[in-house]
Amino acid sequence: MKAEFLRLIDILGTCTFAVSGVFAAMQKRLDVFGILIIAFITAIGGGTLRDMLIGDLPVSWMRSVNTPLIILASATAAILFRNIIKNFQQTLFIFDSLGLGFFTVLGIQKGIIFNLHPLICIALGTITGCFGGVIRDILLNNIPMIFRKEIYATACILGGLIYFLLLELNFNKDWLDVVVMVLIFIFRLIVVKYNLQLPAMYGDKKEQP
């Protein structure tokens, strides 16, 4: 049952990140091939890095054709229905936040399966949730959100800490994953709604020539 639930999380995370990649690429007005490449990279980037770090090879998306097909189907659907989407930026934010929650929990679970320390599990969750977006933003010539003042990776870390805290408090394991995914998503919504940011290191003054 647990394995089936993790597979469902993987599918949902893959779909949401693929769609977020599509809308990020369309904001840059890429052609169809470019859009599909960005969708694939966004969906598999974090998981690929995670699997390479822990030596789980071949990486998960190479073991079955299902993951590439899911990405292709999700990206195609997003492209076909692009005309009914009025606000690409808002849609990108929603799907990116959903994917962040799904993949953070998936990365944590992968660490647990490999019997890693909770802090390492949280790091794996953060990598899984964030680094597909990092690679996407670099390829699109954007500064990745994880490197800006906006709270992004912090949501993954906070979600991971809550996960292991609830685990220690004997929270219902059947609901633990769902609760943490929802909390990460809600935290991202609150952060953006109230413009919460990490402390700035630099002043607003322009550098002198």
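Predicted model: local features only at pLDDT ≥ 70, side-chain atom pairs only at ≥ 80, totals over all residues.

User: Why are Cys121 and Cys130 called buried?

Analyst: Buried means under 20% relative accessible area. Cys121 has 1%, so it is buried. Cys130 has 0%, so the label buried applies to Cys130 too.

User: Why does Thr67 count as buried?

Analyst: The relative accessibility of Thr67 is 10%, and therefore Thr67 counts as buried. Thr67 is part of helix α3, residues 66–80. Leaving out residues up to four places away in sequence, Thr67 touches Arg7, Thr14, Ile44 and Trp61.

User: What makes Ala18 buried?

Analyst: Ala18 has a relative accessible area of 0%, so it is buried. This residue sits in helix α1, residues 2–27. Beyond its neighbours within four places in sequence, Ala18 is in contact with Ala39, Ala43, Ile71 and Ser74.

User: What makes a group of residues a nonpolar core, and which residues have the most contacts inside the largest one?

Analyst: The residues must be buried, belong to a set of nonpolar types, and be joined through side-chain atoms within 4.5 Å. The largest such core has 43 residues, and Ile9, Val22 and Leu100 have the most contacts inside it. At least two residues of this core come from each of α1, α2, α3, α4, α5, α6 and α7. The biggest share is that of α1, with 10 residues. As for Leu100, its contacts beyond four places in sequence include Phe17, Cys130, Cys156 and Ile184.

User: How is the packing of α5 and α6 described?

Analyst: Two packed helices are described by the angle between their axes and the distance between the axes. For α5 (residues 118–139) and α6 (residues 153–168), the angle is about 140° and the axes are 9 Å apart. The crossing is right-handed. On the α5 side the contact includes Pro118, Ile122 and Thr126, and on the α6 side Ala153, Gly160 and Phe164 are among the residues they meet. The residues of this contact divide into nine nonpolar, two polar and no charged.

User: Why is Arg29 called exposed?

Analyst: Exposed means over 50% relative accessible area. Arg29 is at 76%, so it counts as exposed. Arg29 lies in the loop between α1 and α2, and has a positive phi of about 60° although it is not a glycine.

User: And what makes Asn141 exposed?

Analyst: Asn141 has a relative accessible area of 69%, so it is exposed. Its place is the loop between α5 and α6, and Asn141 has a positive phi of about 60° without being a glycine.

User: Where is there a cis peptide bond?

Analyst: Look between Leu57 and Pro58, where omega is about -10°. Pro58 is in the loop between α2 and α3.

Key:
Residues numbered from 1 in each chain as written. Heavy atoms only, no water. Axes fitted to C-alpha atoms, helices over the stretch in contact; angles between N-to-C directions. Helix = DSSP H or I, 4+ residues; strand = E, 2+ residues; numbered from the N terminus. Left-handed = near helix turned anticlockwise from the far one by under 90°. Contact = heavy atoms within 4.5 Å. Nonpolar A, V, L, I, M, F, W, Y, C, P; charged D, E, K, R; others polar. Buried < 20%, exposed > 50% of the residue type's maximum accessible area, 1.4 Å probe, protein only.
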